[in-house]
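Notebook open, structure loaded. I'm jotting down what I looked up, in the order I got to it.

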Amino acid sequence: ESTMTKNYIETMLEMPWNKVSRDSKSLEKAMEILEEDHYGLKKVKERILDYLAVRFLTKKGETPILCLVGPPGTGKTSIAKSIARALHKKYVRISLGGVRDEAEIRGHRKTYVGAMPGRIAEGIRQAGVKNPLMLLDEVDKVSSDYKGDTASALLEVLDGEQNVNFRDHYLEVPLDLSEVFFIATANDLTPIPKPLRDRMEIIELSSYTENEKFHIAENYLVKKQRKLSGLTKKQVSISDEVIREVIHFYTREAGVRNLERTIGQLMHKAARKIVEGEEKVDIKKKSLKELLGPAPFEDEDENLKPQIGVVRGLAWTSVGGDTLSIEVNVMPGKGKMELTGCMGDVMKESAQAAISYIRSQSRKYKIKQDFFEKHDIHIHIPEGAVPKDGPSAGITMTTAVLSAITGNKVCGNLAMTGEVTIRGDVLMIGGLKEKLLAAKRLGITKVLVPKSNEKDVKEFEEEVVEGLEIVYVKTMTQVIKEAFVH
């Protein structure tokens, strides 16, 4: 057993039991670094500076556990790095994607062969101080199996009351985690168990607007990709309109990862021309098609005509907002209802609620008594292979079905989001900023939003709602009045 004991003693001696790094004490410097590394993200920066102010006053504040939630490529991991730099803290990143063994967090008992401390203790050992900034990347991707539930093992780590005496199975002595600044990142809050979510302060990073993406590209991405391609500013220039064109027609996403990749491609093409003997490369708008191929996205002005039985809904996904066309056909039959387009259970129930509401109001909308017995209704959401679920398509479905039954056209430049009850009330929904950005990308000018979401819209930046006419609706009657072409 000598080797095991030797390893154990060495590990214990390497742990920083009372080594501490000194935090930076300047709020201005911290603000400067956050501004330098990231464009926008006002709320996130505010929240971090508030925390730092408390920390400076109390010398040792209750360290919060922040959880940054947002679509991929919105800068969650790089914000954590900036905070570490702003505070002069050691930075340790622990990736939790796919971790499913509880021992990865808590360590193995040292009687086992090949036993080792868990990732948390190991991270502190690597940092060499007991107050590093520890990034728990992808908390929502933690999985569990027969070896135990990893997310539950994190409960002790992320609880300010308990983590003063965190027990790692390998070390077998209490390890003080109260001075570690934990930051977690996640794409979606749904998979995170409620007790774990309860221990973290959630800060949402939403999708970027086209204008924000433009500034990010201009201030950071072009410089970074130029440097990575071994080029200088004299050798290659890229105009503003090229960047805007790339954002609008080549990369429609919530974050900026794809945008960075595309700018990288342009730089590679330029590098090749320089090597072939050209002195300076000017990337112009007209040469984009030649350099990147045809644009994958185009303006859909053609599709924004008024139609019968077709309504645009807005959806939230973990990678940003999206628009869905909901199509309805009515044909002679025996009163069946068909739902296609890979819908989830919640969405199917929204469709049934929609039909129920319309049947109860048939006299108001001048629908014949025996209409539903003699006709079949088919509701379809195109892109049949993509799974769709969620509660916010209620009013869209109701409008589409009513339009198909009554033959009224629905405005083409309109999109809507909201949950409907069988009495026709419109309920609140989430993910509104992403949905509005998705509507803008498509060129939609009018959006129907539940009245109870009005307070959310007031918090958005001006450029999110710019160019959109937002109508707040409380009942289905208002929705129909706004949606139908008169």
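Predicted model: local features only at pLDDT ≥ 70, side-chain atom pairs only at ≥ 80, totals over all residues.

I began with the second largest pocket: helix 3 gives the largest share of its lining, four residues. Numbering runs from 1 along each chain as its sequence is written, and side-chain values use heavy atoms, with hydrogens and water left out.

**Pocket**

My terms: on a 1 Å grid over the protein atoms alone, a pocket is an open set of points with protein on both sides within 12 Å along at least five of seven lines, a cavity is a set where a 1.4 Å probe fits but cannot get out, and lining residues have an atom within 4 Å of a point. Points are joined across faces, edges and corners, and volume is the space filled by probe spheres set on them. Helices (H or I, at least four residues) and strands (E, at least two) are DSSP runs, numbered from the N terminus.

I get about 1100 Å³ for the second largest pocket. It has 35 lining residues, with Glu 204, Leu 205, Ser 206, Lys 433 and Phe 460 nearest its centre. Helix 3 (42–58), strand 9 (201–204), helix 16 (432–442) and helix 17 (454–459) each put at least two residues into this lining. I sorted the lining by class and found 13 nonpolar, ten polar and twelve charged residues. (Ala, Val, Leu, Ile, Met, Phe, Trp, Tyr, Cys and Pro are nonpolar; Asp, Glu, Lys and Arg charged; the others, Gly among them, polar.)

**Cavity**

How many cavities of 30 Å³ or more does a search of the whole structure find? It finds one. The largest cavity comes out at about 40 Å³. Its lining is Leu 34, His 38, Leu 41, Val 44, Lys 45, Ile 48 and Ile 79. Helix 3 turns up here too, giving the largest share with three residues.

Next I traced an open sheet of five strands, order 2-3-8-1-9, with parallel pairing. Strand 2 (91–95) and strand 9 are the edges, each pairing on one side only; strands count as paired if DSSP finds at least two bridges between them. Neighbouring strands here are turned by 20° on average, direction ignored. Angles run from 0 to 180 degrees between N-to-C directions, using lines fitted to C-alpha atoms, for helices over the stretch in contact.

Strand 3 (133–137) and strand 8 (181–186) pair over four bridges, and Met 134 has Phe 182 in strand 8 as its bridge partner. Helix 6 (119–127) packs on the sheet, touching strand 2 and strand 3, at about 155° to strand 2. Helix 3 lies across strand 1 (66–69), strand 8 and strand 9, at about 145° to strand 9.

**Thr 406**

Buried or exposed, or in between? Thr 406 counts as partly exposed because its relative accessibility is 29%; buried is under 20%, exposed over 50%, partly exposed in between (1.4 Å probe, protein chains only). Thr 406 sits in helix 15 (394–406). Beyond its neighbours within four places in sequence, Thr 406 contacts Tyr 365, Ile 367 and Phe 484, contact meaning heavy atoms within 4.5 Å. Lys 366 is 40 residues from Thr 406 in sequence and 8.1 Å away, C-alpha to C-alpha.
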